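Thanks for coming. I have one structure to walk through today, so let me put it on the screen.

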Amino acid sequence: MYSPVLPTQTSPASPTQSRAKKSVIVTEPPKFDLESYIANYKGRTRLDRLLLIGICSSVLGVEALKLAVREAKQGKDVKRYLDAQNHLETIGPNEIEAERDLNWMDRTERANQAESQRLEAELKGYKNNLIKESIRMGNEDCGKHYQAIGDLQKAFDAYGRMRQDVSMNKHIIDTSRHLIEVGIEQKNWIAVSSNVQKIKSLGATEEEKLLQPYLCAAEGLARLDEGDYGTTALQFLSAESGMGLSCNTIISPNDVAIYGGLCALATMDRNELQSKVLENSNFRTYLELEPHIRRAISFFVNSRYSACLNVLEAYKTDYYLDIHLQKHVDDIYQLVRSKSIVQYFIPFSCVTLDSLNSAFATPGKTIEKELSAMIQRKELDARIDTQNRLLTSVPSAPRSALQSSTLKTAKEYELEARRRIQHMNIHGADLEIKASKRNPLGPGGAMDDFFEGGFGGGAGGRELRSSTRGH
């Protein structure tokens with residue numbers, strides 16, 4: 001279905017960007033319609049997703065890159081236009097969009113440069129006049145412009161300077177949202193998480209409640225990039241319904257169902273999947289957009305593991321073409337597969353390898369190596385009987401386990417008893433270090449002056465105290 005290609009990319013756009021992902025070439029057609037899929041997004045993420053599909057899909061590559069070229073020419077980012085045009089020129093040289101539009105590039109670069117100079121001059125004037133609100137809006141205009149032309153670092157810096165001139169909660173939320181979106185484009189996930197927390201720290205304001213799905217989505221993407229699938233699932237599962245198109249600059253409601261459902265399958269047991277996913281009224285509205293995810297989860301909960309894996313396998317191509325999910329597909333699928341094998345084996349003391357092959361292996365292949373790897377990783381408490389072709393569970397020793405538990409409890413009790421006896425002995429020998437009693441009037445008070453230096457302080461006071469001792 002796909003073939004890995006060694007990455008030839010440059011260093012990450014941000015120091016916090018995760019490990020470089022391997023590019024993949026997907027040769028099977030995805031199940032989604034490209035135009036319907038890309039209509040769920042707007043802004044720079046729309047162009048980024050088209051570029052990824054164009055580079056990775058041998059079926060939709062030309063169509064996606066043609067759309068990417070048109071999308072880029074509607075904006076002001078010359079570099080992204082060149083990326084799309086260069087790739088299209090390689091795989092579809094006869095297409096009209098493959099011809100480089102030098103006139104558009106020249107006009108756009110001149111216009112971008114003139115706009116940058118104009119906005120910087122306006123911002124300088126606002127600073128000279130010391131009008132905080134104008135300075136804040138000037139930085140915001142600069143940030144939007146730099147973001148549109150693809151200079152993300154300057155955009156991030158401009159949005160960051162807005163914080164100096166905020167005067168109300170709405171300004172803090174607007175500033176943080178700008179930084180979140182630029183941070184996601186930069187793969188600067190630390191900045192994304194910190195700005196999500198800044199909005200949440202404002203308390204239960206009306207704006208924060210409306211942004212709840214947006215914040216869950218942004219935090220979920222940050223956790224997904226780290227490979228923390230358990231926290232990722234919880235973030236997306238907690239997103240309230242009604243997201244609509246309010247987050248389409250970074251994510252769509254369909255993505256919430258896919259990311260949350262897959263990460264939940266990879267990390268949660270059957271009871272948690274039933275209670276936190278299938279019975280979650282808010283998340284159910286997202287699952288209705290991706291019924292195959294709900295079907296896969298239902299199959300797993302009902303112990304139909306091979307059916308669950310078959311559903312996921314059918315949509316694997318789509319997930320290889322997702323900008324955030326691509327590098328995690330293999331890891332997530334492996335976690336779900338390992339869980340399925342473990343759950344399948346739990347009710348039995350031994351299972352034939354042939355039955356396991358029929359349930360989990362592709363035709364003509366065996367899963368013996370996979371079982372061996374799971375046993376070595378201690379994911380599966382079993383042994384492989386190659387002579388009789390059986391997978392047998394390791395016999396438990398309840399008496400030995402009880403004895404070990406009892407000995408451990410006895411040692412903990414003995415240790416605690418020794419500590420208490422030691423404390424009693426220290427107390428009986430009056431070896432405790434007690435806190436010094438402080439003057440009730442506090443340091444520097446009248447009583448301190450009296451004892452340190454008499455009523456008037458100084459040498460006279462010391463002489464009075466000395467003579468008193470003599471008498």
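Leu130 counts as exposed, because its relative accessibility is 69%, and the cut-off for exposed is over 50%. Keep in mind that this is a predicted model. The position of Leu130 is the loop between α5, residues 102-129, and α6, residues 132-149. The backbone there is worth a look: phi of Leu130 is near 60°, a positive value in a residue other than glycine.

Where else does a positive phi turn up in a residue other than glycine? Lys187 is one such place, with phi near 65°. Lys187 also sits in a loop between helices, with α8 (169-186) on one side and α9 (189-200) on the other.

UniProt, in an unreviewed entry, lists residues 109-136 as "coiled-coil region". In the model, the chain over residues 109-136 is 93% helix and 0% strand. The end C-alpha atoms of that stretch are 26 Å apart.

Now the whole protein. How many helices and strands are there? The count is 24 helices and five strands. Of the 471 residues, 42% count as buried.

Three strands make an open sheet, in the order β3-β5-β4, with antiparallel pairing. The edge strands are β3, residues 350-352, and β4, residues 382-385, each of which pairs on one side only. From one strand to the next, the twist averages 20°. As a reminder, strands of a sheet pair through backbone hydrogen bonds, either parallel or antiparallel.

Looking at one pair in detail, β3 and β5, the latter covering residues 390-393, are joined over three bridges in the antiparallel sense. Within that pair, Val351 stands opposite Leu391 in β5.

Which helices lie across these strands? Helix α20, residues 353-360, lies across β3, β4 and β5, and runs at about 70° to β3. Helix α21, residues 368-376, lies across β4 and β5, and its angle to β4 is about 145°.

To recap two items: Leu130 is an exposed loop residue with a positive phi, and the sheet runs β3-β5-β4 with antiparallel pairing. That is what I have; questions are welcome.

Definitions and conventions: Residues numbered from 1 in each chain as written. Predicted model: local features only at pLDDT ≥ 70, side-chain atom pairs only at ≥ 80, totals over all residues. Heavy atoms only, no water. Pairing = 2+ DSSP bridges. Helix = DSSP H or I, 4+ residues; strand = E, 2+ residues; numbered from the N terminus. Axes fitted to C-alpha atoms, helices over the stretch in contact; angles between N-to-C directions. Contact = heavy atoms within 4.5 Å. Buried < 20%, exposed > 50% of the residue type's maximum accessible area, 1.4 Å probe, protein only. UniProt positions renumbered as here; feature names shortened; annotations may be inferred.
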